[in-house]
Amino acid sequence: MNSIAIDRSSAAARPVPARPRVVGGVSAGETVIEARGVTKTFGDGSVVALEGASFEAKKGEFISLVGPSGCGKSTLLRIISGLIPKTGGSLSVHGREVTEPRSDIGMMFQKATLLEWRTAIENVLLPTELQRRVTADDKRRAAELLHMVGLKDFEFAFPRQLSGGMQQRVALARLLQTGADILLLDEPFGALDEFTRERLNVELMRVVAEVGGTTFFVTHNIQEAIFLADRVMVMTPRPGRLAKIVDVPFERPRDLSIQQSPEFNALVSEVRDVLGGH
Amino acid sequence: MSVANDLAVPVGTGLGLSPARARLARNLAIFGTIVVLWEAASRLGLIDPLFLPAPSAIVAAFVSLYVTVGNAWYHLGITLVEVFAGFFAGSALGIGLAILVGLNATLRRFMKPYIIVLEATPRIAVGPIIIAALGFGWTSKIAIVMLVCFFAPFVNTLSGMLSVNEDAREMFRSLGASKWQVFRKLMLPDAMPMIMAGLRLAMASALSGALVAEFISANEGMGVLLKRYTSTLNMDATFACLLTLTALGFLIFRSMELIDERLVFWRSDARAAAVGRRRANAFRSAAIARGA
């Protein structure tokens, strides 16, 4: 198979999002997400899915949300994405309250949900296509992103021709194509086998660092949560609650071998202790 | 030479033919044998020509219908017009209505009982009523074919649209897609395999529908010709008409299959690979044209 005839070296210097950022001149360390007492109840308010979560996220931070099912981690992620409304508290992204899906916030799901009648590159171009006319630059950018997630030479493969891991790579490229700098990932590799998941996690770390996105990563795997994140938000169920935020002091990028270190294991124990009571 | 021998030893294997050609040769041999046996039995008076005419008689009737007298062309044309006009109008109506109903939950609730009643009614029973209303000409036949062709595309389009994956909808929502974009870029292509299956069903019933409509009451069309020859016990010509309709049915079936393969290319590995290669080439030549 042949690759696409494009000049990748000049493309690498191009700024990442095709779409203008909401806040201009964002400096490192600036708070981009601010949540105060975010609550979600169902029915008449008696079913509490998420109770008063308060946290902040700085630009470029990688935050894991870990906890057993029913702890409200997916609910919280969907509230940040604007897909579902919160019933209490306040949540602002880039200084603006989130009320609906926005172009500066992108979401990736456990299922790749690729459109099976579109090639990989056409799937990646979908977010752009839904906003405006697709230009030659957009196509070049989509090809670069596929390259970045390790799918060079698969631009014109249809989803049925790709493995589960490759499909999630396409979904990741599609997320980056949105140009959003807040990346929400809901157990993105949860349906894949252990080995593929580990490899994709390492690549995910590299890719989000490359685009400089602020990332929220939902998982129920403690090791994975710690390995990837700068901070781990530990959540407990009945009612869904943000129990503790654990700092992870390791420098990024990281090697899989840090998982053997005593410091890493101490963090695992710390998280497990918080979850242990539940 | 006997049929049993042909089945036991593939014809042509000793002649260096490819397996496909050998299969074709064997099938032709079997068919030829049947025709020869049939002709012989007819000539020996073993088969009543009123029940089944000899192959040679059917061929002679064919030549008369389509060459020497040529009277069948007109009737074939009329039937074709009825089939295609009815099919296109009926399935367009079915698909269009299904899209409206599929996009609007209120309309869906309101329409449901009527759809159930209409679906439960045998369509062809409405035939005489339509003929009474629209007359004996081909317009009433088109209306009957429309009726016959309405339901399969309607039901399939609707269920195809309603079965769209909830995750994909959520993904579209997170990308800020409008209702129209969700329909155009998600629901419609996603429903395409179902819509095509509905269209194939409709096309298959369109021909039967037109013929039955012509049987009920008409002055022209293949159904009329068939009925006329049967009632005068001209079985040679009757069988020639029947074979025409078989060929027509086969052609229609095959073309629908080909259209299906093209429109729903992503369901087959080979076709998907071919389409992928074509799009890659188009992309590459566009990049070269830009001078990239």
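Predicted model: local features only at pLDDT ≥ 70, side-chain atom pairs only at ≥ 80, totals over all residues.

Visitor: Why is A:Gly179 called buried?

Guide: A residue is buried if 20 or more other C-beta atoms lie within 10 Å of its own. A:Gly179 has 21 such atoms within 10 Å, and therefore it is buried. In space, A:Gly179 and A:Ile105 are 8.6 Å apart, C-alpha to C-alpha, although 74 residues apart in sequence.

Visitor: What makes A:Glu129 partly exposed?

Guide: The term partly exposed applies between the limits of 12 or fewer for exposed and 20 or more for buried. A:Glu129 has 17 C-beta neighbours inside 10 Å, so it counts as partly exposed. A:Glu129 belongs to helix H4 (residues 126-131) of chain A. The C-alpha atoms of A:Glu129 and A:Thr178 are separated by 10.0 Å, while the two residues are 49 residues apart along the chain.

Visitor: Why is strand E7 of chain A described as largely enclosed by the rest of the structure?

Guide: In strand E7 (residues 182-186) of chain A, 5 of the 5 residues are buried, so the strand is largely enclosed by the rest of the structure.

Visitor: How do you know that both faces of E7(A) are covered?

Guide: In a regular strand the side chains alternate between the two faces of the sheet. On one side of E7(A) are A:Ile182, A:Leu184 and A:Asp186, on the other A:Leu183 and A:Leu185, and all are buried.

Visitor: What joins E7(A) to strand E8 of chain A?

Guide: Strand E8 (residues 214-219) of chain A runs parallel to E7(A), and 5 bridges join them. A:Thr214 in E8(A) is the bridge partner of A:Ile182.

Visitor: What shows how chain B compares with a compact globule?

Guide: A compact globule of 292 residues would have a radius of gyration near 19 Å, whereas chain B has 25 Å. The C-alpha atoms of chain B fill a box of roughly 80 × 60 × 35 Å along the principal axes. Chain B has 12 helices and 0 strands, and buried residues make up 29% of its 292 residues.

Visitor: How many residues of each chain take part in the contact between chain A and chain B?

Guide: The contact takes 24 residues from chain B and 25 residues from chain A. On the side of chain B that touches chain A, H12(B) gives the most, with 10 residues. The residues on that side of chain B divide into 12 nonpolar, 5 polar and 7 charged.

Visitor: Which residues touch the most other members of the largest nonpolar core?

Guide: That core has 133 residues, and A:Leu146, B:Val145 and B:Ala206 touch the most other members. Helix H7 (residues 138-162) of chain B gives the most to this core, with 15 residues. Leaving aside neighbours within four places in sequence, A:Leu146 is in contact with residues including A:Ala120, A:Val124 and A:Phe154.

Technical notes:
Residues numbered from 1 in each chain as written. Chains lettered and ligands numbered in written order. Helix = DSSP H or I, 4+ residues; strand = E, 2+ residues; numbered from the N terminus. Rg over C-alpha atoms; globule rule 2.2 N^0.38 Å. Pairing = 2+ DSSP bridges. Contact = placed C-beta atoms within 7 Å. Nonpolar A, V, L, I, M, F, W, Y, C, P; charged D, E, K, R; others polar. Core = buried A, V, L, I, M, F, W, Y, C linked by C-beta atoms within 7 Å.
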